[in-house]
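Try each one by eye before reading its solution.

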Amino acid sequence: MRRNIVHPGADSLNYEIRSIVAIGRRIESLGVDMTWENIGDPIAKGEKIEPWIKEKALEVMNDDDSWGYCDSKGVQDTREFLSKCVNDRGGPQINAEDILFFNGLGDAISKIFSEMRREARILGPSPAYSTHSSGEAAHSGYEHLTYKCDPKNGWLPDIEDIRNKVKYNDTITGILLISPNNPTGVVYPKHILQQVVDIAREYDLMIINDEIYSHIVYNGAETVHLSEVIGDVPGIALRGISKEFPWPGSRCGWLEVFNRGNDSNFDRYVKSLADSKMLEVCSTSMPQMVIPKVYGDSRYIGHLQKRAKMYESRSKEAYDILSPVKGISVVQPEGAFYMTVVFEPDVLNERQSLPAANQAVRNYMEELIKPGLALDQRFAYHLMASQGVCVVPLSGFCCSEFGFRFTLLEMDDEVRISTFKKLAQAIKDFLSC
Ligand SMILES: Cc1ncc(COP(=O)(O)O)c(C=O)c1O
């Protein structure tokens, strides 16, 4: 090209959760049945939609209005409904204008970063859900700035690390939290969220909390929404229905904006998010119209409780199978539907392998596994080639620890338990090489 048309952040667009699929598919084509443990899609893992939720969606579909455009910010009635839900918690009071719909939270996250001034940085967790870390890195043109979440401390954020980074790097303009967390499954208790908000208040920052899993909480943890701790600090909560209805194909997520009026620069930025939505006309109307009908139904709480119980029992199942394995550590999740295995320092090396399922796969592995490949990626590739299980290496989550993430989503009890056992055995075999 006459001019370089590639954005400086183009190399940062990395989504290991999906990029590993190409390798898995190739291995599958060579004769290995693959169990896909890479993606957080409950439907793909066999969850059936509650008939009453389907009926609500059908009612909306039968309403011709749901086939049309809606307001750029989203369906007015739904935004009013959601703002009331926030206000009922008693924190900062918002109205429909403070709710902004997107085509899934992935779309919202991209807009959050693309509309932000390049020099303004958001400090995010490590490990991190890749859409955030890649989005922030791509927007700034630099590596994503992260704070540590410590597996030895139940994956909680290291508050001192946050404070130091904020204090000594004045480009940091906001702190991103993901609670309940993907990939670790930790739910931040109220006092931790409060401490992060206090840092934001002290240094004049905004807080973003990704709450897409906020209604999938178990093992004694409690849902704490950002609105319950944000006080007077500018903040944005990210919400969606992909995980909790669950309806990932709806491509429907929204922002709840707090304390817009307390900072004119924050207010201008939020306006730019809404303006950018206007250029696109609007997000998908139909799922937005379903939200009040489902959230407002008395059966919804029971539905959430049933799912939380299901993940609680699966988290115990996975923990019981994996925690005795030497050379790794696991933390029992309290929210979302993932579990992360961390390899202890120095247990991985470039000589380790697992027997490939057949000669063709062995040949492919020789092509694929090159010196310098992240050691947890090597493990993940060998795991696919040998056991036919596809997990996501932790190094793909902007993390310096080696490990991997798998899901608690499989609905078939036998398949799920057998997968957890395969993981435990593969780790033992790999580490004993
Ligand atoms: C933490 C987190 N945020 C956002 C998303 C994106 O969700 P959506 O389906 O609404 O785009 C995901 C999806 O896995 C996620 O795990």
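**Exercise 1.** Work out how H12 and H13 cross, and which residues make the contact.

*Solution.* Start with the handedness: H12 goes past H13 in a right-handed crossing. Keep in mind that this is a predicted model. Next, the geometry: H12 covers residues 375-387 and H13 covers residues 413-431, and their axes come within 11 Å, crossing at roughly 115 degrees. Now pick out the side chains. H12 brings Arg378, Phe379, His382, Leu383 and Gln387, while H13 brings Lys422, Leu423, Ala426, Ile427 and Phe430. Finally, sort this contact by class: six residues are nonpolar, two polar and two charged.

**Exercise 2.** Decide whether H6 and H7 run roughly parallel or roughly antiparallel.

*Solution.* First get the angle: H6 (residues 159-168) and H7 (residues 190-203) pack at about 15 degrees, and their axes are 11 Å apart. Angles under 35 degrees count as roughly parallel, and H6 and H7 are therefore roughly parallel to each other. Their crossing is right-handed. For the contact itself, look at Ile159, Ile162, Arg163, Val166 and Lys167 on the H6 side, which meet Ile192, Gln195, Val196, Ile199, Glu202 and Tyr203 of H7. Tally by class and you get seven nonpolar, one polar and three charged residues. One handy reminder for reading such lists: an α-helix has 3.6 residues a turn, so residues three or four places apart point the same way.

**Exercise 3.** Find out how enclosed H9 is, and what covers its buried residues.

*Solution.* Count along H9 (residues 285-295): nine of its 11 residues are buried, so this helix is largely enclosed by the rest of the structure. The buried ones are Ser285, Met286, Pro287, Gln288, Met289, Val290, Ile291, Val294 and Tyr295. Now see what sits over them. The cover includes the helices H2 (51-61), H3 (76-88) and H10 (299-322), along with the strands E2 (99-102), E8 (235-240) and E9 (253-258).

Then zoom in on serine 66, in the loop between H2 and H3. Its relative accessibility is 7%, so serine 66 counts as buried. Skipping residues up to four places away in sequence, serine 66 touches Ser285, Met286 and Met289, plus Val60 and Met61.

**Exercise 4.** Do the burial count for H4.

*Solution.* H4 spans residues 105-114, and seven of its 10 residues are buried, so H4 too is largely enclosed by the rest of the structure.

**Exercise 5.** Is valine 187 buried or exposed, and what does it touch?

*Solution.* Locate valine 187 in the loop between strand E6 (172-178) and H7. With a relative accessible area of 7%, valine 187 is buried. Leaving out neighbours within four places in sequence, its contacts are Leu156, Ser179, Pro180, Val217, Ala221, Glu222, Glu334 and Gly335. For a distance check, take alanine 128, 59 residues away along the chain: the two C-alpha atoms are 14 Å apart.

**Exercise 6.** Which residues have the most contacts inside the largest nonpolar core?

*Solution.* That core has 77 residues, and the answer is Ile27, Phe406 and Ile427.

Methods:
Residues are numbered from 1 along each chain as its sequence is written. This is a predicted model: local features need pLDDT of at least 70, side-chain atom pairs count only at pLDDT 80 or more; totals for chains, interfaces and linings use all residues. Side-chain values use heavy atoms; hydrogens and water are left out. Axes are lines fitted to C-alpha atoms, for helices over the stretch in contact, and angles run from 0 to 180 degrees between N-to-C directions. Helices (H or I, at least four residues) and strands (E, at least two) are DSSP runs, numbered from the N terminus. Angles under 35 degrees count as roughly parallel, over 145 as roughly antiparallel, 65 to 115 as roughly perpendicular and the rest as oblique. A crossing is left-handed if the near helix is turned anticlockwise from the far one by less than a right angle, and right-handed if clockwise. Contact means heavy atoms within 4.5 Å. Ala, Val, Leu, Ile, Met, Phe, Trp, Tyr, Cys and Pro count as nonpolar, Asp, Glu, Lys and Arg as charged, and the others, Gly among them, as polar. A nonpolar core is a set of buried Ala, Val, Leu, Ile, Met, Phe, Trp, Tyr and Cys residues joined through side-chain atoms within 4.5 Å. Buried means under 20% relative accessible area, exposed over 50%, partly exposed in between (1.4 Å probe, protein chains only).
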